[in-house]
Structures are given as C-alpha cells and as structure tokens.
There are 2 protein chains.
Amino acid sequence: MSQSIEQPADGTTGRTPVRAVPTSADVARLAGVSRATVSYVLNNTSAVRISEPTRERVREAARELGYVPHAAARTLRAGHSRLVLLPTAHVPVGPLYSGFFNDLQWALRRLDYTVVQYGSVGLAAEDAARAWAELRPAAVVSMGEVEVTPGAVEILRRSGVKAVITVGTRAAEGTHSLVLDQPRVGEVAAEHLIATGRRRIGVVVPEEPGLGMFSGPRLDGARRAAEAAGATVVPLPLAYTEESAVALAARWPELGLDAVFGYNDEYAMLLMRALQDAGVDVPGDTAVIGADDLLLGRLLRPRLSTVHIDLIEGGELAALVDDAVNGTADATGRRPLLDSRVIVRESS
Amino acid sequence: MSQSIEQPADGTTGRTPVRAVPTSADVARLAGVSRATVSYVLNNTSAVRISEPTRERVREAARELGYVPHAAARTLRAGHSRLVLLPTAHVPVGPLYSGFFNDLQWALRRLDYTVVQYGSVGLAAEDAARAWAELRPAAVVSMGEVEVTPGAVEILRRSGVKAVITVGTRAAEGTHSLVLDQPRVGEVAAEHLIATGRRRIGVVVPEEPGLGMFSGPRLDGARRAAEAAGATVVPLPLAYTEESAVALAARWPELGLDAVFGYNDEYAMLLMRALQDAGVDVPGDTAVIGADDLLLGRLLRPRLSTVHIDLIEGGELAALVDDAVNGTADATGRRPLLDSRVIVRESS
DNA sequence: ACGCGTCACTGACACGTGTCACCTATCTGA
DNA sequence: TCAGATAGGTGACACGTGTCAGTGACGCGT
C-alpha cells in the first residue's frame, strides 16, 4: 500500500518502466508546441489559424507516438456523447432484424454516431433506463423488445438524452414513436385466406417469451378481418420445436380448420411440415401462410405463401435519429412508412 | 399503411427546458455532506466508515434528484473502462452466431462488463484499430470477420487495451487466439460421405463476401480427407439465391458428382431443393450434407444430414476475457476449440 | 514614434468522478 | 490530566480533452 509507482517526473527521468498511454500533452511536448495547438491541429478547427509547418510537426509527432484521443475525456468535456444506444433483451435472430440492424449501424456511423447494443436482461424498465443513462447517450432507440415506461423516459431525459425513439406495436409516451402496425399483418393474412374461400382460420401464437408483443396484435388483426367477413379465428399455441408441431398436427381433425396463419415463416414452415406428415393436404385440406418472406420458405413444397413486411430502412431511421438529436425532427405528425402485402405462392 | 410516426405528446416537442443533469455535487449539497462522502456511500466503499443516518440521507437525496453517475467521468478517473469491444464488419446472420452472442453478452454483463458492438465497415485493419482504441476498452474480442494485424494489435496495446482475443480460423500474432478448426468441419463431412461409398464430392463455396475465411478452410479439410481415401473434391461456387442454385443444378449431369457438402445447412437446403427439382434423386443419385444443425433442416424431405458444430460457450469465453483482463489467463496462445461431429439423417 | 490590425500561438479553466491524506471531536485507559 | 485511539467526515488533486481570452511579435500607414 505504501509502495509508490515511479513518477514520470516531467522529463527528468527519460524512461518509465510501464509504457504509459500517450496523451495530447505528450504530443505537444514532442512537437514543441502547446497542448491547445495540438487540439486545434488534430481536430483541424477552422476558426484558428496554425501555420502549415507547425501542423505537420504536430501530425508527425502524433503519428510517431501512436496517439489516439480518449473518447471518455472528449465526451466529458463536450458534455454529450455521440452514442446511440440500442437496448436488447435477447438479440433477436432472424434475417429481417439482422439486415435492418446492419443498415442502421452503417448509416449512423456515416453520421459519426457510435451504435451500442446494450443488453438489459431481467431488469425492470426503470432500472434498465438508469443503466443506459450512465453512458450519457445522445439517443436511445428501442426496437420493441424492451418496454419503455414514462418513468424510464423521464430518467433518460433527465440524464441528458436528446432523443428517445421507440419502434414497436404502440406509441410510448414522451418518445418519437414508430408504430409498426402489427394487427395489419394478421389482417392482410386473414383477408387473403377469406378471399380464397376459407372460413375457419387458425392463428399460431408462439410460446417463446418476448414474441407476445408481436403475436397478440397479429392475432387481433386476424380476428378483425374474420369478424368483418363472418369467419372464425382459433388461436393455436405453438413452441418452436418439432415435438410441439407434431402434437398440434395430431389434434388437427378435431380442430376442423381449413386455413392457418403461422405467425411468421419459420413457425409456418415447422407447422406445415408436421401437417403434411400427419396426412393433411396443403393447400387442399388446409391453407398455410407465413410472414417475413424468407428465402427458405420457397424451398418447401408447396412453396410457402407469406406476408411481406417492409421494415423502415436503416438509413431512414438513422436520419430520424439525427434530426431528433438536433431537435429538428419534422413535425409532420403521422407519416405512412410501409405496407404489408401478401405474396401468394402455393401453400394457400 | 401499416406504420406511422408520432411526435412526443408532451407539449414540449423538441424543445425541452434546459434542466441541468444532476451530478454528485448536487447530491452532496442536498444531503448536506461533502462530495467525497457521496462517492463513498453510493459505491459503498468498505474501507471508509460512514454512519448509517448519513448513508440514508445521501441515498435519499440521490433518489430525489434522480442522480445517475457519468460513465465517461468514471472511466476517465479510473484510467480504464469496463467495455468489451466486439468488432463487426457485417453482423452475421445465422442462429448459431446469434445464440452465441447472446450468451456472451449475458455472461460478460454478469461480470460487470459492457459489450459494445462496433462496426468498422470498409476500414483498413489499423484504421479500425485506432477507432476502437478511442473507446479505451478493457478488451477487444474479434470474431473472425475482421482481420487483426500485428500493427493493429500494437495500436490497441499502446492505447491500454488489456486483452485482445481473436476467434477465427487461425491464430493472430500477439493475441489470445481461439482457433476454430474450420478444416475439421469439411473433413468430417467428407469422411462421412466417403465412408458411405461416395467418391466424387462437390463442396459448395458461397459467393457472398465475408464467408471466404470459413469456406476456404472447410474446402481444404474436405480435400485432405478425400486425398487420404483416393476420392475427388470439386469446388462449387454458389450464391444464396434460387437462380444460382437452379443454374448449378442444371449443370449436375456433366459434373458427375455423387455427393455434395453444402458449406452450411442454408446453402445445402437451397441446393438440395434445386437438385430435386432438376430430377436428381437425393440421396440415391447424390448425397447431401450441410453444417450447423438447424431445425429447419429437418423440415425438408429427405431430412438433411449435417455437421453439428460445438461452438465455445459464451460463458466460457466471458471467463477467458475476464482472466485476460486481469492478467491471469494462461498464455497458451492457441487453443483448438471447435468440436465437429456428423449427424446422419436421410439426405446422405 | 505611435496606434492598430493580423498572425500564430499559449495559459488556464471546466467537465464529473474516485481516492488519499488530513482533520476534528469524542472516547479510553492509566 | 494527558497521550493515544477511533469514528466520521472533508479538501484537494488527477484523469485527458476542448475552447475562450489573452499575448507577444511583426507589418503597415501616418
């Protein structure tokens, strides 16, 4: 405890045993200028004039020392960061999300933001918000998995977060909300099935946790369409395992369904295979339709019909984030951003 | 229209009253104590004794103000962060990776680290390293997509990064390397095919960029197995589209292959379907095997044989990261980690 | 010689936190 | 009574950066 580390002692001792991380002060010393000059040169600030020979000396010194600025010190000084926080409970699998995330990250990077995926497993909404707030992000973009309560928004706002954006099934108080009309997905699926003469429609409800906020609204949408046409909707709980699908298929005769909306392509494929193995003819006895328009859906026979969902483009969302951070978000109010449409193949 | 955007319904659209972010000094003032005391209480430092009434006053004040510590200031003061950087060029789709990433993030969080996915699209290795270094992470875990050159390692080390860990097809100089034995995947696949009497084996090589560092070694492994048994290996370029698969299937007769290793399950499924549509009997004429053991592979008929890959567990890697940061990791350097075994179903 | 403007740069402060050394009462034992 | 121990706390510094207000040198017109 009383052992002291050898002091760098400002030039008196030339060598320190541990190689310290070079700072802008080191660069300044080597280049024979002040630290302010170093800062001006490396950030090439336009308001201050520094002669070209000096600029070059500074840059050379920085290169030689391998100087890299300290992001934490920067944000501390600046009072705000360029972090965009992306809370995730479980990282969602699925190519739809992956592709979207890729685009978003790329676009935000282009705007000089850093995207941080931050897990908050098993935390209450406001505890999670506190954890996020520690990073003092410029914006928080919640993609529907994580609930954002008004209290959580208040915590974030109070910690200096400029923009809170939610993408989910419903608008969250106090945030810029991109409302994905999940009921519409179920609705167009059901409308299609009804239009092709089906009357008793099953709707798969995944048992996996975390999907409830999508499956519920899709079920509701299907119900709405069925009601309007005098058809019937039956919810079908299903886990993403072969056993569960086989068990459901075994009950098929007693259910008396002539169509099923499989929540998404993956569940639909799983169920369709089980149905075929149980002797159910698709689409003769029962029509099947999924959602998400995966390539793999075309590999089964019959090819899987699906609902194609146009998610907002990553670049578009990135622009919204930037506007919200700058306080220049357009006040156009509601704005149509995508459509869900049925792609008919062979399974319906 | 199934998506809409909404403004904050707070009445304070865009323009929030400039309420200063509370600091520990504010808490101290409100509680009537010094800032040092606040720090001791909130981090409940064991070495210093603070009376229970005072502790409670401080906690109450912090609660009332909604105080949240400033991570940047903390890491600046501490000289190091608890960030674990996970560079990604493209976020890889695929459930294998997603599941792994989930586990890793969860386990590291448990050890009080924050995982940051940081994209470095189109940057040279050392430029990317400089960008990572700005965040002064405690560790950098590169998952094989991004090349880590010795120069990049030097930059990271110099910026104070405690541990550089690479997970990939080969060890990287100066890092803790987890070597995934990719050739082994191709080898076991080919050995299985040869053992069941096949002699001319096609190996799918995806045309998608970024997969080359996996597909190349797998091809080599297959070649090695074939050579040992006097069999033949033919590389088959394939893009992840139906058209590409159909085109490849059309050339099947002239290729004269009696087996194919599909790189992974997704490519294998795509190709198998195209082969069947072209009138090729699977596994009669040609055996097909994939890799990754996806559930969807069981949905096709015949069920897809596959190579099951045991990736390192997220928790295990997290422990290694922690050890490396603390300097208590065994300096073995390289360590083989990928166990591959064939799961025979019906397609081979 | 003097005022004035421009050029090229520097000194010093603030951002929010953790921690070490120090300080003042009060209590203890002889 | 007095030295010493202990409880409970505080003042001050350092971390690395960006930026504002100066500051000396120099050229120029009168």
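Is B:Arg184 buried, partly exposed or exposed, and what is its relative accessible area? In this predicted model, B:Arg184 is partly exposed, with a relative accessible area of 29%.

**Salt bridges around B:Glu187**

The side chain of B:Arg184 meets that of B:Glu187 in a salt bridge, with an N to O distance of 2.9 Å. Both residues belong to helix H8 of chain B (residues 182–195), and because they lie 3 residues apart there, about one helical turn separates them. B:Glu187 counts as buried, since its relative accessibility of 13% falls under the 20% cut-off. B:Glu187 also forms a salt bridge with B:Arg224, in which the closest N and O atoms are 3.2 Å apart. This second pair connects distant parts of the chain, as B:Glu187 sits in helix H8 and B:Arg224 in helix H9 (residues 212–229) of chain B, 37 residues away. B:Arg224 is partly exposed, at 44% relative accessibility.

**A salt bridge between chains**

A:Arg303 and B:Glu242 likewise meet through their side chains in a salt bridge, at 3.0 Å from N to O. A:Arg303 is placed in the loop between strand E9 (287–291) and strand E10 (305–309) of chain A, whereas B:Glu242 is in helix H10 (residues 242–250) of chain B, so the pair joins two chains. A:Arg303 is partly exposed at 23% relative accessibility, while B:Glu242, at 16%, is buried.

| Salt bridge | Distance, N to O |
|---|---|
| B:Arg184 and B:Glu187 | 2.9 Å |
| A:Arg303 and B:Glu242 | 3.0 Å |
| B:Glu187 and B:Arg224 | 3.2 Å |

**The wider set**

Over all chains, the structure holds 32 salt bridges. A network of salt bridges links A:Glu242, B:Arg298, B:Arg303 and B:Glu346.

Terms used
Residues numbered from 1 in each chain as written. Chains lettered and ligands numbered in written order. Predicted model: local features only at pLDDT ≥ 70, side-chain atom pairs only at ≥ 80, totals over all residues. Heavy atoms only, no water. Salt bridge = Lys/Arg side-chain N within 4 Å of Asp/Glu carboxyl O. Helix = DSSP H or I, 4+ residues; strand = E, 2+ residues; numbered from the N terminus. Buried < 20%, exposed > 50% of the residue type's maximum accessible area, 1.4 Å probe, protein only.
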